[in-house]
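Subject: Structure for you to look at

Hello,

I am passing on the structure we talked about, with the sequence alongside. Please open it first; my notes on what turned up follow below.

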Amino acid sequence: MAETDKDTETWLKRMSLATVIFAVSATLSTFKGGSYSTQSVINQALASDQWAFYQAKSMKQHLFELQSEQLKLQLEALPAGNPARADYETRIAELKTQIERYGREKHDIEAKARELEAQRDEAKRHNQPFGIAVLLLQVTILLSSIASLMKAKRIWWAALPVGVVGLVYFADGFVGWF
């Protein structure tokens with residue numbers, strides 16, 4: 001049975017509408033994927049800054065620990081009745097307070113760095129499906145264009161499953177099924 005012009009026109013309208021839906025989804029995937037990619041990079045930079053801050057605090061803490069150890073050794077060398085012993089003990093106590101403060105600060109900094117890394121990982125998890133969606137949807141658009149130019153329904157029918165999978169990945173970028 002031969003196709004009529006009306007059948008071909010109806011098919012071309014449906015194909016055009018589907019292609020527009022695929023194109024809009026591909027465009028939105030590009031923007032959302034780019035947004036998540038940017039967020040991932042920003043969070044990585046912020047986490048790196050936190051780890052650098054952590055290292056700086058560790059170095060300061062270590063310097064205070066070395067100074068404290070040195071003072072303890074000097075204190076042990078002083079005779080029992082030496083009046084300077086009280087000053088040494090006071091300074092060692094002050095250093096111990098500083099060492100403990102740096103330990104607490106490092107703990108807080110580490111927690112913030114790990115939180116930023118988790119946010120980075122979450123952004124990466126959303127970014128990947130959008131990237132796959134863009135690829136599949138663009139292939140679908142290309143095949144639909146070829147089908148339209150050649151007026152070949154078989155090519156369009158082959159493009160539809162690719163487009164549907166692309167739409168699934170597009171949706172997955174938002175909800176995270178996979």
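Glu9 and Lys13 form a salt bridge through their side chains, with 3.4 Å from N to O. Both sit in helix H1, and because they are four residues apart, about one helical turn separates them. An α-helix has 3.6 residues a turn, so residues three or four places apart point the same way. Glu9 is partly exposed at 45% relative accessibility, while Lys13, at 55%, counts as exposed. Please keep in mind that this is a predicted model.

The search over the whole structure gave eight salt bridges. Another of them joins Glu105 and Arg101, at 2.8 Å from N to O. These two are in helix H2, again four residues apart, or about one turn of the helix. Arg101 has 30% relative accessibility and is therefore partly exposed. The pair also belongs to a network of salt bridges that links Lys57, Arg101 and Glu105.

A further salt bridge is made by the side chains of Arg120 and Asp121, at 2.9 Å from N to O. Is Arg120 buried or exposed? Arg120 is buried, because its relative accessible area of 14% falls under the 20% cut-off.

Now the overall fold. The protein chain has three helices and zero strands, which gives the pattern α-α-α along the sequence. The C-alpha trace spans about 115 × 20 × 20 Å along its principal axes. The radius of gyration is 32 Å, whereas a compact globule of 178 residues would come out near 16 Å. Of those 178 residues, 28% count as buried. The chain exposes about 11,500 Å², and 62% of that area comes from carbon and sulfur atoms. When contacts between residues at least 6 apart in sequence are taken, 80% of them join residues at least 24 apart.

Next, the helices. H2 runs over residues 84-150 and has 67 residues, so at 1.5 Å a residue it should span 99 Å; its end C-alpha atoms are 98 Å apart, in agreement with that. Lys151 follows H2 and has a positive phi, near 50 degrees. H3 covers residues 153-175, which makes 23 residues, and reaches 33 Å from first C-alpha to last, close to the expected 33 Å. Just after H3 comes Gly176, also with a positive phi, about 75 degrees.

Which residues of H3 are buried? They are Trp156, Ala159, Leu160, Gly163, Gly166, Phe170, Asp172 and Gly173. Their cover includes helix H1 (5-77) and H2.

On the packing, nonpolar side chains tend to be buried together in soluble globular proteins. The largest nonpolar core here has 13 residues, and the members that touch the most others are Trp11, Met15, Phe22, Leu137 and Trp156. H1, H2 and H3 each supply at least two residues of this core, and H1 gives the most, with six. There is also a second, separate core of five residues, including Leu71, Leu75, Leu78 and Ile92.

Neighbours within four places in sequence aside, Phe22 is in contact with Leu137, Thr140, Ile141, Leu160, Gly163, Val164 and Leu167. Of these, Leu160 and Gly163 are among the buried residues of H3.

Thr19 also lies in helix H1. With 17% relative accessibility, Thr19 counts as buried, since the limit for that class is 20%. Residues up to four places away in sequence not counted, Thr19 touches Ile141 and Ser144. Ile141 is thus a contact of both Thr19 and Phe22, as the definition of contact applies to each pair.

Regards

Methods: Residues are numbered from 1 along each chain as its sequence is written. This is a predicted model: local features need pLDDT of at least 70, side-chain atom pairs count only at pLDDT 80 or more; totals for chains, interfaces and linings use all residues. Side-chain values use heavy atoms; hydrogens and water are left out. The expected span of a helix is 1.5 Å times one less than its number of residues. Buried means under 20% relative accessible area, exposed over 50%, partly exposed in between (1.4 Å probe, protein chains only). Contact means heavy atoms within 4.5 Å. A nonpolar core is a set of buried Ala, Val, Leu, Ile, Met, Phe, Trp, Tyr and Cys residues joined through side-chain atoms within 4.5 Å. The radius of gyration is taken over C-alpha atoms; the globule rule is 2.2 Å times the number of residues to the power 0.38. Accessible areas come from the Shrake-Rupley method with a 1.4 Å probe; for residues, only the protein chains shown count as cover. A salt bridge is a side-chain nitrogen of Lys or Arg within 4 Å of a carboxyl oxygen of Asp or Glu.
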